[in-house]
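Okay, thanks for coming, everyone.

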Amino acid sequence: MTTFGKPAMLSWSKLKVPQGTTSTSEGQDTPKAAESPKNSLVHPNTTVVESESAWRRENDSPSPSVEELVSDLGASVLGSSNQSLTSSIINYVYENGRRYHAYQNGKYWLPNDEKEQDRMDMQHHVIFKLVLNDKLFLAPVREPKNILDHGTGTGIWSIEVGDTYPKAHVMGTDLSPIQPTFVPPNTKYVVDDFSLEWLGYSTKFDLIHCSLGNAFSARDWKSFLVESYSHLTPGGWVELKDINIAAMSHDYSLPQMSAIRIWHGQLLEGAATSKISLQISPGDLEVLFQEAGFVNVTIKEWPLPIGLWPKDPGLKKIGAFQSQVIHDGLEAFSLAIFTRALGWDLIKIEKLLEEVREELNNRSYHWYWPFFVVYGQKPEGR
Ligand SMILES: C[S@@+](CC[C@H](N)C(=O)[O-])C[C@H]1O[C@@H](n2cnc3c(N)ncnc32)[C@H](O)[C@@H]1O
């Protein structure tokens, strides 16, 4: 089953984009199927802080279990005990003034420092408060007992889910142990790489969630869904939320030679060179869900307007916040890809980013990023 989201305040129709479709107007960046993002973005000048866990994986030794990688932040993880974080996980990598993860160094291209954490939390606010009206997930999961949030970031979603479902166990995974210590007692974190085989999970989950995973380092979404299937309880759900990094405009008001379009073009080019996919269409994901055995696959889509251009007050508010998210994130989005993959120097990058920042205030540019949610169910009795 495929449905298309039509929430009261936010709809494609308000932007005059046909509902349930992805705009493919000429000259626009068109979301396309994800390639296998086998990320290899390690800058030649970057100090590689080797992670014990990564070392063990690379050396064909058994992958670290959840117990081995459990962060010391959140007590036990589904029955395992506390352990200190190994230094190899917290010996972060510094490059161009930003801080990056150490475990699986180079796999994920955004920083993990406080500036980026603030940006992630603001993006969470846009998606969960303003677009999804406080709904943490849309899949019809009833009384979940075990919930897994892959790529949990600052852990904000898992904390809210832990508070909302006090009887559930919530586990968040991430390459970076950047989650807070003050979390609900049922919410735990582990440092793990979900793009590798999912080992060490002693529990099956009723909901596996991943938001903003497009920029992740999943082997590919197919593998993610196959792993999810085998780690779900019968009748359990997997839910993916994502943004396509594509400068879309329903009325062609965003010029081809705008800094915004140039920036998107360069970013996508650098990402493609690095085998990172920043775009996937929900329709392609739907096929992958079905191929992995999921049923009741549902797609919902919204435009995320950027800037103060929408007339509708709800969309204008989203546009204001989303513009700030991009403003604050431009450097983080750009540095690794532009320097490592495109060979740009910092002065050249900053010049382009300054132009993009200025254009973010241009109300005659009516543009947006497509946001979507796709969820599907493992059949009962499987
Ligand atoms: C864009 S942030 C999104 C965070 C959070 N899900 C949210 O919506 O606020 C992506 C997060 O995924 C993590 N990540 C990227 N690749 C990962 C991987 N292979 N395994 C685990 N976490 C990963 C990053 O460290 C980062 O914290």
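Two bits of housekeeping. What you see is a predicted model, where local features need pLDDT of at least 70 and side-chain atom pairs count only at pLDDT 80 or more, while totals for chains, interfaces and linings use all residues. Residues are numbered from 1 along each chain as its sequence is written.

Now the overall picture. The protein chain comes to 10 helices and nine strands. Of its 382 residues, 49% count as buried. By buried I mean 20 or more other C-beta atoms within 10 Å of the residue's own; 12 or fewer is exposed, in between is partly exposed, and the C-beta atoms are placed from the backbone. Contact means C-beta atoms, again placed from the backbone, within 7 Å. Taking contacts between residues at least 6 apart in sequence, 73% join residues at least 24 apart.

Back to α9. This helix has 29 residues and reaches 40 Å from its first C-alpha to its last, close to the 42 Å expected at 1.5 Å a residue. The expected span is 1.5 Å times one less than the number of residues. Just after α9, G343 takes a positive phi of about 75°.

What about the largest nonpolar core, how many residues does it have? It has 86, and those with the most contacts inside it include F289, F371 and V374. α9 gives the most to this core, with 12 residues. A nonpolar core, for the record, is a set of buried Ala, Val, Leu, Ile, Met, Phe, Trp, Tyr and Cys residues joined through C-beta atoms within 7 Å.

Let's zoom in on V374, in strand β9. Why does V374 count as buried? Because it has 28 C-beta neighbours inside 10 Å. Leaving aside neighbours within four places in sequence, V374 is in contact with L240, P282, L285, E286, F289, V297 and I299. Take E286: the two C-alpha atoms are separated by 7.3 Å, with V374 and E286 sitting 88 residues apart along the chain.

Next, α7, residues 259–273. Its 15 residues should span 21 Å at 1.5 Å a residue, and the end C-alpha atoms are 21 Å apart, so that agrees. The buried residues of α7 are I260, R261, W263, H264, L267, G270 and A271. Why that spacing? Well, an α-helix has 3.6 residues a turn, so residues three or four places apart point the same way. Those buried residues of α7 pack against α9, α10 and β9.

For contrast, K348 lies in helix α10. K348 counts as partly exposed because it has 13 C-beta neighbours inside 10 Å.

Last stop, β5, residues 187–191. Five of the five residues are buried, so this strand is largely enclosed by the rest of the structure. T187, Y189 and V191 point one way, K188 and V190 the other. β4 and β5 pair in the parallel sense over five bridges, where pairing takes at least two DSSP bridges.

Note on methods: Helix = DSSP H or I, 4+ residues; strand = E, 2+ residues; numbered from the N terminus. Contact = placed C-beta atoms within 7 Å.
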